Amino acid sequence: MHVNWKRILLVGSDIVLGTYIVIAMTAFNKKSESDIVCTQVNINVQDEATNGFISPQEIKGRLVRNGLYPLKKELRYINSREIEEKLRQSPFIKNAECYKTQDGHVWITLTQRMPTLHIMAANGDDYYLDDDHRIMPNSHYTSNLIIATGWIDRWFARNYIAYLSDAIMANEFWQNQIEQINVLPNGGIELVPRVGNNILYIGQLPQTKYIAQRKQLVTDYANRKMDRLQKFYKYGLSQAGWNKYSYINVEFDNQIICKKRKTE
């Protein structure tokens, strides 16, 4: 069979030439960043209604103060990476993304850090812990979080009290019942309920030097104590009365020690 190499080469050349023309025309018609000016900045703060730490107005102000607000700047002079890095420096921002579009818009999307526990320690510390157990400074945030008080340093808050709070919040009954965790000078844990004028004592949290085991150890301990408390609530306090006892101690696994009110 005779192959017409000349014809094949001509057809191949036509295809390459056609592709080049299409690319060249597209590049010619498409504006470069040097010709485009930012006409609109879109700032989206996710979970703004629930977290409430930051607002689009605050983000705009932060960028203006640092000379990074992109409005009316040419796209080629807008550094998306620099904007992201500056915004991530905020203690309330978990993640920041910034990108530019050919219509002259700059889009900024922010994810806020989620506070889960409010620490008000006896040493004067006043801050939040987020869902990654990282410290957040105090702010105007007013959501209904568990408050931890008493003898708590920052290491103990992040490595033990945070796991206790997580265990409470994972239980539907107790997340609506417990409003405060109080740490005594000896490390004993008191829980203050929303309903009933009494204090719940669960003893000292188990401790370990092994970080990988710490969460499970505290969680299992808390679940065991709260399970016993929930049964006592159901079968004991429901009949004896919510305010019969001022102090309920479940430190020991084989007994529940209750202290009656003096008025009883």
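Eleven salt bridges were counted in the structure, which is a predicted model. One of them joins the side chains of Lys94 and Asp131, with a nitrogen-to-oxygen distance of 3.8 Å. Because Lys94 belongs to strand E2 and Asp131 to the loop between E5 and E6, this pair ties together parts of the chain that are 37 residues apart in sequence. Both residues are partly exposed: Lys94 has a relative accessibility of 40%, and Asp131 has a relative accessible area of 37%. The pair also belongs to a network of salt bridges in which Lys94, Asp131 and Asp132 are linked.

A salt bridge is also formed by Asp125 and Arg154, whose closest N and O atoms are 3.4 Å apart. Asp125 is placed in the loop between E4 and E5, and Arg154 in helix H4, so the contact ties together parts that are 29 residues apart in sequence. Arg154 is partly exposed, at 38% relative accessibility. Lys231 is partly exposed at 48% relative accessibility, and Asp227 is partly exposed at 39%.

The strands were examined next. Nine strands make up an open sheet of mixed pairing, in the order E6-E5-E4-E7-E8-E9-E10-E11-E12. Its edge strands are E6 (135-137) and E12, each of which pairs on one side only. From one strand to the next, the twist averages 25°. Strands of a sheet pair through backbone hydrogen bonds, in either a parallel or an antiparallel arrangement. Both senses occur around E11. Strand E10 (residues 199-204) pairs with strand E11 (residues 245-249) in the parallel sense over three bridges, and Ile199 stands opposite Tyr247 of E11. Between E11 and strand E12 (residues 257-260), the pairing is antiparallel and comprises four bridges. Here Ile248 stands opposite Cys258 of E12, while Asn249 has Ile257 of E12 as its bridge partner.

Cys258, in strand E12, is partly exposed, because its relative accessibility is 27%. Apart from neighbours within four places in sequence, Cys258 is in contact with Phe232, Tyr245, Tyr247 and Ile248. Its C-alpha atom is separated by 10.0 Å from that of Tyr201, a residue 57 places away along the chain. A search of the whole structure found zero disulfides. Cys98, for example, is in no disulfide, the nearest cysteine sulfur being that of Cys38 at 9.0 Å. Cys98 is buried, with a relative accessibility of 7%.

Helix H4 (residues 154-169) lies across strand E4 (115-121), strand E5 (126-130), E6, strand E7 (146-150), strand E8 (178-183), strand E9 (188-193) and E10, and runs at about 150° to E8. In helix H2 (residues 56-65), the residues Pro56, Ile59, Gly61 and Leu63 are buried. The buried residues of H2 are covered by elements that include strand E1 (40-46), helix H3 (80-88), strand E2 (93-100) and strand E3 (105-112).

Positive phi values were found at several positions. Gly67, which follows H2, has a positive phi near 70°. Lys72 has a positive phi of about 70° although it is not a glycine, and is found in the loop between H2 and H3. His133, likewise a residue other than glycine, has a positive phi near 65° and lies in the loop between E5 and E6.

The mean pLDDT of the chain is 85, and 81% of its residues reach 70 or more. Over residues 20-29 the pLDDT is below 50, and this stretch has zero contacts in the model beyond near neighbours in sequence. Where pLDDT is low, the predicted coordinates should not be read in detail.

Methods
Residues are numbered from 1 along each chain as its sequence is written. This is a predicted model: local features need pLDDT of at least 70, side-chain atom pairs count only at pLDDT 80 or more; totals for chains, interfaces and linings use all residues. Side-chain values use heavy atoms; hydrogens and water are left out. Two strands pair if DSSP finds at least two bridges between them. Helices (H or I, at least four residues) and strands (E, at least two) are DSSP runs, numbered from the N terminus. Buried means under 20% relative accessible area, exposed over 50%, partly exposed in between (1.4 Å probe, protein chains only). Contact means heavy atoms within 4.5 Å. Axes are lines fitted to C-alpha atoms, for helices over the stretch in contact, and angles run from 0 to 180 degrees between N-to-C directions. pLDDT is the predictor's confidence in each residue, from 0 to 100. A disulfide is a pair of cysteine sulfur atoms within 2.5 Å. A salt bridge is a side-chain nitrogen of Lys or Arg within 4 Å of a carboxyl oxygen of Asp or Glu.
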